[in-house]
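Here are some notes for a colleague opening this structure for the first time. Please read them with the model on screen.

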Amino acid sequence: VPESPRWQITHGCESEAECTVRAIEERVRAEEGRGLSEPDQAHRITLHPRAHFGFAIIVRAMFGLYWRRSLLGLALMVSQAFLYNAIFFTYALVLTTFYAVPSADTGLYLLPFAAGNFVGVLMLGHYFDTVGRRQMIAATYLASALLLMLTGYLFVQEWLSATTLTLMWTAIFFFASPAASAAYLTVSEIFPLETRALAIAVFYSVGTGIGGVAAPWLFGSLIATGSRLNVSYGYLFAAGLMIAAALVALVYGIAAERRPLEHVAQPLSSAE
């Protein structure tokens with residue numbers, strides 16, 4: 001992947017950045033038959049190029065100036081990681097323990113999960129750019145939570161078969177997949193340009209560390225009790241995390257759709 005003009009200009013490669021932008025402009029002119037208009041004064045910023053930023057500066061920006069956005073990123077990443085791991089890595093245990101599904105057949109029940117993930121992103125993904133980030137993140141997180149709560153209730157009442165339980169999980173993943181994708185997108189675009197790679201690395205590692213370790217351990221312990229009610233408590237806890245993340249998104253969410261990254265977060269190298 002070639003460096004973007006943003007990366008080039010912030011690292012002191014002004015001539016390379018000019019060549020990159022000029023090539024983009026010429027391609028647009030050749031394909032569209034028109035040139036690009038000059039940006040107005042409101043879209044101009046002054047940069048002081050520097051190739052490296054100290055770790056302390058980046059941490060201070062993420063957890064000082066942008067602490068609310070850090071809270072948003074942590075809430076989104078931890079909750080979606082917990083939900084995914086709670087279902088994905090324990091579904092075989094649930095099927096074999098409560099529905100006597102042979103271990104050799106549990107892999108077949110994974111196929112609807114894959115379909116739900118794919119179709120959900122395909123059908124809902126573009127609404128994050130048209131309706132808005134904050135609204136769609138909150139809606140998909142909340143929808144996943146409500147469906148998980150309903151699944152837990154039906155599971156306790158023994159009204160679900162192995163097939164219908166899998167269909168419920170698939171419906172949850174239909175909303176959870178675009179929700180998770182939006183979480184990754186959010187933490188990579190709401191911080192200054194120079195911190196984007198570190199931001200997604202930090203939040204992904206923390207979210208996966210918490211959700212990837214806690215969820216399988218918790219649900220493995222609950223399933224081992226042989227109690228449907230105990231397992232439903234785990235579902236309620238995961239749903240509660242998703243609801244909390246939806247509320248954080250409504251309060252601290254950033255309307256980043258169709259906005260230049262420099263307007264979403266001022267670059268650290270900006271003179272302003």
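1. Aromatic pairs. Keep in mind that this is a predicted model. Start with the rings: the protein has 18 aromatic pairs. One of them joins Phe-63 and Phe-203. Their ring centres are 6.5 Å apart, and the planes make an angle of 50 degrees. That pair is classed as tilted. Phe-63 belongs to helix α3 and Phe-203 to helix α10, so the pair ties together parts that are 140 residues apart in sequence.

2. Helix α3 against helix α10. Helix α10 covers residues 196-224. Its axis and that of α3 come within 11 Å. They cross at roughly 65 degrees, and α3 and α10 are therefore roughly perpendicular to each other. The crossing of α3 past α10 is right-handed. On the α3 side, the contact uses Phe-55, Ile-58, Met-62 and Phe-63. On the α10 side, the partners are Leu-198, Ala-199, Val-202 and Phe-203. By class, this contact has 8 nonpolar residues, with no polar and no charged ones.

3. Confidence. How high is the average pLDDT of the protein? The average is 89, and 98% of the residues score at least 70. Confidence is lowest in helix α3, residues 55-65, where the mean is 81. Confidence is highest in helix α8, residues 133-156, at 96. Bear the α3 value in mind when reading point 2.

4. Overall make-up. How many helices and strands does the protein have? The count comes to 12 helices and 0 strands. Read along the sequence, the pattern is α-α-α-α-α-α-α-α-α-α-α-α. The C-alpha trace spans about 65 × 45 × 30 Å along its principal axes.

5. Helix α4 against helix α9. Helix α4 takes in residues 67-88. Its axis and that of α9 come within 9 Å, crossing at roughly 150 degrees. Angles over 145 degrees count as roughly antiparallel, and α4 and α9 are therefore roughly antiparallel to each other. The crossing of α4 past α9 is left-handed. Among the contact residues of α4 are Leu-72, Gly-73, Leu-76, Gln-80 and Phe-88. Those of α9 include Trp-169, Phe-173, Ser-177, Tyr-184 and Val-187. The residues of this contact divide into 15 nonpolar, 4 polar and no charged.

6. Helix α5 against helix α9. Helix α5 spans residues 91-98, and helix α9 spans residues 162-189. The two axes lie 11 Å apart. The packing angle is about 160 degrees, which makes α5 roughly antiparallel to α9. The crossing of α5 past α9 is right-handed. Which residues make the contact between α5 and α9? From α5 come Tyr-91, Val-94 and Leu-95. From α9 come Ala-162, Leu-165, Thr-166 and Trp-169. By class, there are 6 nonpolar residues and 1 polar residue, with no charged ones.

Definitions and conventions
Residues are numbered from 1 along each chain as its sequence is written. This is a predicted model: local features need pLDDT of at least 70, side-chain atom pairs count only at pLDDT 80 or more; totals for chains, interfaces and linings use all residues. Side-chain values use heavy atoms; hydrogens and water are left out. pLDDT is the predictor's confidence in each residue, from 0 to 100. Helices (H or I, at least four residues) and strands (E, at least two) are DSSP runs, numbered from the N terminus. Axes are lines fitted to C-alpha atoms, for helices over the stretch in contact, and angles run from 0 to 180 degrees between N-to-C directions. Angles under 35 degrees count as roughly parallel, over 145 as roughly antiparallel, 65 to 115 as roughly perpendicular and the rest as oblique. A crossing is left-handed if the near helix is turned anticlockwise from the far one by less than a right angle, and right-handed if clockwise. Contact means heavy atoms within 4.5 Å. Ala, Val, Leu, Ile, Met, Phe, Trp, Tyr, Cys and Pro count as nonpolar, Asp, Glu, Lys and Arg as charged, and the others, Gly among them, as polar. Rings of Phe, Tyr and Trp (its six-membered ring) pair if their centres lie within 6.5 Å; planes under 30 degrees apart count as stacked, over 60 as edge-to-face and the rest as tilted.
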